Amino acid sequence: MRSRRPVVASLAVLGYVVMIVPLVFIVITAFTSGSTLRFPPEGWSLRWFSEALAYKPFMTSLVSSLQLAVLSAVFALLLGVPVALAIHRGRLPGRSLLEGLFLSPLIVPELVVGLALYQQFMIGLDLDNLSTLLIGHTVLMFPYAVRVTGASLALMDPAVEDAARGLGASPLRTFFTVTLPLLRPGLFSAGLLSFITSFNNVPLSLLLQSRDFRTLPVTMLDYVQQNYTPIVASTSVLILAGTVVIAIIAERTVGFAKIFGGINA
Amino acid sequence: MSASTTQTGTPAAQFRAVTQKFGDFTAVDAIDLDIPDGKLTTLLGPSGCGKTTSLRMLAGYLTPTSGTITIRGRDSTRIPPEKRNLGMVFQSYALFPHMSVADNVAYGLKLRKVESAERTRRVTEALEMVGLGHLAGSRPKQLSGGQQQRVAVARAIAIRPDLLLLDEPLSNLDARLRLQMRSEIRRIQSETGLSVVLVTHDQDEALEMSDQMVLMKDGRIQQQGAPHEVFAAPANHFVAEFLGYENFIPDGHGAELTVRPEHLVVTTEAPQTDTTGALSLAATVLDVAYRGVDVLITVEAATPGGETVRLLSDTRAAGAPDLRAGDRVSVQAPEAHLVRLPLKS
């Protein structure tokens, strides 16, 4: 970064420091050989990594978290893409009102959403907690899906779709051969964003948990309240590593500029 | 309206009482229009005149509020674009960015189930027609604006459309390329024999390219005909002004005369009294602008009805009288260059 604006540059550096330094502490303590979360570590070992991998509640809930994040991201896209299409391509009256309505889950506190789902679905309809969590997370992800794919749609020249129609493609064919391929970076970023948001979610998952189905952040939170071993640090490092791998794959396949370029529109 | 002498045979397309309303706004107001077969027709007019709306209705992207559009004898008013077999070239080119140039051109052929060998042949043919045979494997992003425009034309003609529609195809190109593309599009039109409809706001483009030009304003057709007919005999004030007639002189009898600046002569002689149809008015020089090849002289002249009008003369610099602001002069124009118009409503 060769910025000629020193104030902006130093703020950026400060931002990175604030974000990264705490992570550095976590990463370092994860490699401790001692049995408490303490900095500096008493010695070095990988023991807490094998402990983390062997600790069943964490691994079970990791699988649960991944399941939930993938499924809710997919559902959010399946619902969000048609809505984004209707808003941006359809001739709907009150377009902006509609868009505002679809973004509203962002404003309602998650605890309120969680409580409502708990009362209406789990108690009222006697749904199991995986289904209820899935509904809850999908509702939470939905605004991201609408917004991000909507931004890509807004950036797309509608004449490109007109051109396909003019050349003989039905609306459905146009969607699959032109709109969808051009939307791919937008879908990818919306999916990634949804996945990460779901994976990190605590309030909703906390309210809707059960003994059989509990997400990793909730399990870790639970654990930290009773124990203070470096196993949470090593688990965090594993998650961090996983995230970095996803980020690298995303960068290699689509490119960050393209993925997140869709958001700022 | 001057009779159109260019139309022969069955028209490629017809508009009958076609109206397009957007809410309270009437974009196209009950127009009747014949698009002649095998000719290049331009729809010309300022922005908001309804020319692009008319083209989009012809292409099927808009359904007329009322009226009928017939393409090749078939009522097509409500037929969706994909069932019309028209080649459309968009102002923004609208190439498929995720496909190669060849795949862009092949897109319409694949949908028509043209088999592979024939498809390749026709893609090559279309790309060679626009001089881009060597770029078949490129991506649209790698091409210049002019090249993208040519790909768009190749993609549209590859399907052998019933009509080729061009929406302001040259407005995104730089001035030199624009001139080159004008003759290029003319060449493609005459080589393929396609019926072409071109939308433009540039009167020079329309005059140079058209077999038939259609001037529009406020959703209505103002005049149509061969360029030389329209140019020599504008039907009303708007058409005259749009085509560069800058001098409008009320004749005192409810009509007005117009003459192009290059046909208005400024002399130091006294105005003639017996003009028998020619124009001759006393005037005062307001401004003289020397421009190298020619001189622009602005004068203030008294009309037969006793009004004062500002007139512009565009004279060749060589042999122009040496004038200054305030000089008393006369302006003259022969009858052959005067056009009588109904008074502007």
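Helix α1 of chain B is followed by B:G60, a residue with a positive phi near 100°. Helices here are DSSP runs of H or I with at least four residues, strands are runs of E with at least two, and both are numbered from the N terminus. The structure is a predicted model, in which local features need pLDDT of at least 70, side-chain atom pairs count only at pLDDT 80 or more, and totals for chains, interfaces and linings use all residues. Residues are numbered from 1 along each chain as its sequence is written, while chains are lettered from A and ligands numbered from 1 in the order in which they are written.

A residue is called buried if 20 or more other C-beta atoms, placed from the backbone, lie within 10 Å of its own, exposed if 12 or fewer do, and partly exposed in between. B:N85 sits in the loop between β5 (74–75) and β6 of chain B, and its 19 C-beta neighbours inside 10 Å make it partly exposed. B:K113 belongs to the loop between α2 and α3 (116–129) of chain B; with 7 C-beta neighbours inside 10 Å, B:K113 counts as exposed.

Chain B is assigned domain 1 (13–238) and domain 2 (247–342), with bounds that come from an automatic or database domain assignment. The C-alpha centres of domain 1 and domain 2 of chain B lie 40 Å apart. Their contact takes 4 residues from domain 1 of chain B and 4 residues from domain 2 of chain B. The domain 1 side of this contact has 2 nonpolar, 2 polar and no charged residues.

B:E256 lies in strand β12 (residues 255–259) of chain B and counts as buried, with 21 C-beta neighbours inside 10 Å. From B:E256 to B:Q222 the separation is 34 residues in sequence and 17 Å in space, C-alpha to C-alpha. B:T276 is found in the loop between β13 (265–267) and β14 (279–290) of chain B, and with 6 C-beta neighbours inside 10 Å it counts as exposed. The C-alpha atoms of B:T276 and B:E335 are 8.4 Å apart, although 59 residues separate them along the chain.

Turning to chain A, its secondary structure comes to 12 helices and 0 strands. The C-alpha atoms of chain A fill a box of roughly 70 × 60 × 30 Å, taken along the principal axes. Of the 265 residues in chain A, 35% are buried. Among its contacts between residues at least 6 apart in sequence, 72% join residues at least 24 apart.

Two helix pairs of chain A show how such packing is put into numbers. Two packed helices are described by the angle between their axes and the distance between the axes. Axes are lines fitted to C-alpha atoms, for helices over the stretch in contact, and angles run from 0 to 180 degrees between N-to-C directions. Helix α3 (residues 56–89) and helix α6 (residues 129–155) of chain A pack at an angle of about 45°, with their axes 6 Å apart. That angle makes α3(A) oblique to α6(A); angles under 35 degrees count as roughly parallel, over 145 as roughly antiparallel, 65 to 115 as roughly perpendicular and the rest as oblique. The contact of α3(A) with α6(A) has 21 nonpolar, 7 polar and no charged residues.

The axes of α6(A) and helix α8 (residues 171–200) of chain A come within 9 Å and cross at roughly 155°, which makes α6(A) roughly antiparallel to α8(A). Residues in this contact include A:L140, A:Y144 and A:V148 of α6(A) and A:L187, A:A190 and A:L193 of α8(A). By class, the contact of α6(A) with α8(A) has 12 nonpolar, 8 polar and no charged residues.

How values were computed:
Nonpolar A, V, L, I, M, F, W, Y, C, P; charged D, E, K, R; others polar. Contact = placed C-beta atoms within 7 Å.
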